[in-house]
Amino acid sequence: MKKFLFYALSFTWGLPMTLVGCVVAAVLRITGHKPKRWGWCWYFEIGEKWGGLELGVFFLVNRKPSRSLRCHELGHALQNCVFGPLMPLIVSIPSAVRYHYRLFLIRVVGVTRLPSYDAIWFEGQATRWGEKAMEVWS
């Protein structure tokens with residue numbers, strides 16, 4: 001995907017998530033958080049040991065995020081370009097529910113083995129797309 005197309009889609013077809021991201025980014029900037037760049041996205045590091053959240057061309061991650069986490073969230077930004085206004089319904093909400101359900105299984109139920117995080121299509125796709133994008137854009 002070309003840079004122009006990424007931003008054009010993010011601010012048109014993917015506007016719902018990107019608009020939320022703009023508001024969150026503005027609040028974070030006002031409260032003193034500094035954004036960092038990853039690929040064509042900006043991200044903020046907040047909290048410890050929790051993962052990430054994609055909001056259009058912005059994403060939030062825990063402090064000192066791994067390369068794989070940043071690539072994964074970038075992949076969700078690319079999904080936003082493809083799925084647009086359907087992104088919250090077919091990726092974002094299911095992803096958040098699944099993340100918290102997995103935490104519940106581990107912390108409350110005591111499950112010690114779960115399928116790979118990427119075993120469900122939208123997580124695996126985000127990881128593959130984000131890794132591929134960083135290979136191409138680097």
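What follows is a conversation about a predicted model, taking its helix packing, its sheet and its aromatic pairs in turn.

Trainee: Why are α1 and α3 called roughly perpendicular to each other?

Mentor: Helix α1 (residues 3-10) and helix α3 (residues 67-83) pack at an angle of about 65°. The class runs from 65 to 115 degrees, so α1 and α3 are roughly perpendicular to each other. Their axes are 8 Å apart, and α1 passes α3 in a left-handed crossing.

Trainee: Which residues make that contact of α1 and α3?

Mentor: From α1 they are F6, L9 and S10, and from α3 they are A77, L78 and C81. By class, the contact of α1 with α3 has 5 nonpolar residues, 1 polar and no charged.

Trainee: What makes α3 and α4 roughly antiparallel?

Mentor: The axes of α3 and helix α4 (residues 87-109) cross at roughly 155° and come within 9 Å. Angles over 145 degrees fall in the antiparallel class, and α3 and α4 are therefore roughly antiparallel to each other. On the α3 side H76, Q79, N80 and F83 take part, and they meet M87, I90, V91 and S95 in α4. The contact of α3 with α4 divides into 4 nonpolar, 4 polar and no charged residues.

Trainee: How do you know how α3 is oriented to α5?

Mentor: The axes of α3 and helix α5 (residues 121-137) cross at roughly 105° and come within 6 Å. With the class spanning 65 to 115 degrees, α3 is roughly perpendicular to α5. Residues of α3 in the contact include R67, C71, L74 and V82, and those of α5 include W121, F122, W129 and W137. The contact of α3 with α5 has 12 nonpolar, 8 polar and 3 charged residues.

Trainee: Why do β1 and β3 count as standing at the edges of the sheet?

Mentor: The open sheet has 4 strands in the order β1-β2-β4-β3, with mixed pairing. β1 and β3 each have a single partner strand, so one side of each is left without a neighbour in the sheet. On average, neighbouring strands of this sheet are turned by 30° against each other, direction ignored.

Trainee: What makes β3 and β4 a pair?

Mentor: Pairing needs at least two bridges, and 4 bridges join strand β3 (residues 52-55) to strand β4 (residues 58-61). These strands run antiparallel. E54 stands opposite F59 in β4, and L55 stands opposite F58 in β4. The hairpin has 2 residues between the strands, and G56 takes a positive phi near 75° there.

Trainee: Which strands does helix α2 touch?

Mentor: Helix α2 (residues 15-30) packs on the sheet and touches β2, β3 and β4. The direction of α2 makes about 115° with that of β3.

Trainee: How many aromatic pairs does a search of the whole structure find, and why is the pair of F6 and W40 called tilted?

Mentor: The search finds 9 aromatic pairs. The ring centres of F6 and W40 are 5.7 Å apart, and a pair needs centres within 6.5 Å. Stacked planes would be under 30 degrees apart and edge-to-face planes over 60; the planes here are at 50°, so the pair is tilted. F6 lies in helix α1 and W40 in the loop between β1 (36-38) and β2 (41-45), so the pair links distant parts of the chain, 34 residues apart.

Key
Residues numbered from 1 in each chain as written. Predicted model: local features only at pLDDT ≥ 70, side-chain atom pairs only at ≥ 80, totals over all residues. Heavy atoms only, no water. Axes fitted to C-alpha atoms, helices over the stretch in contact; angles between N-to-C directions. Parallel < 35°, antiparallel > 145°, perpendicular 65-115°, else oblique. Left-handed = near helix turned anticlockwise from the far one by under 90°. Contact = heavy atoms within 4.5 Å. Nonpolar A, V, L, I, M, F, W, Y, C, P; charged D, E, K, R; others polar. Phe/Tyr/Trp six-rings, centres within 6.5 Å; stacked < 30°, edge-to-face > 60°.
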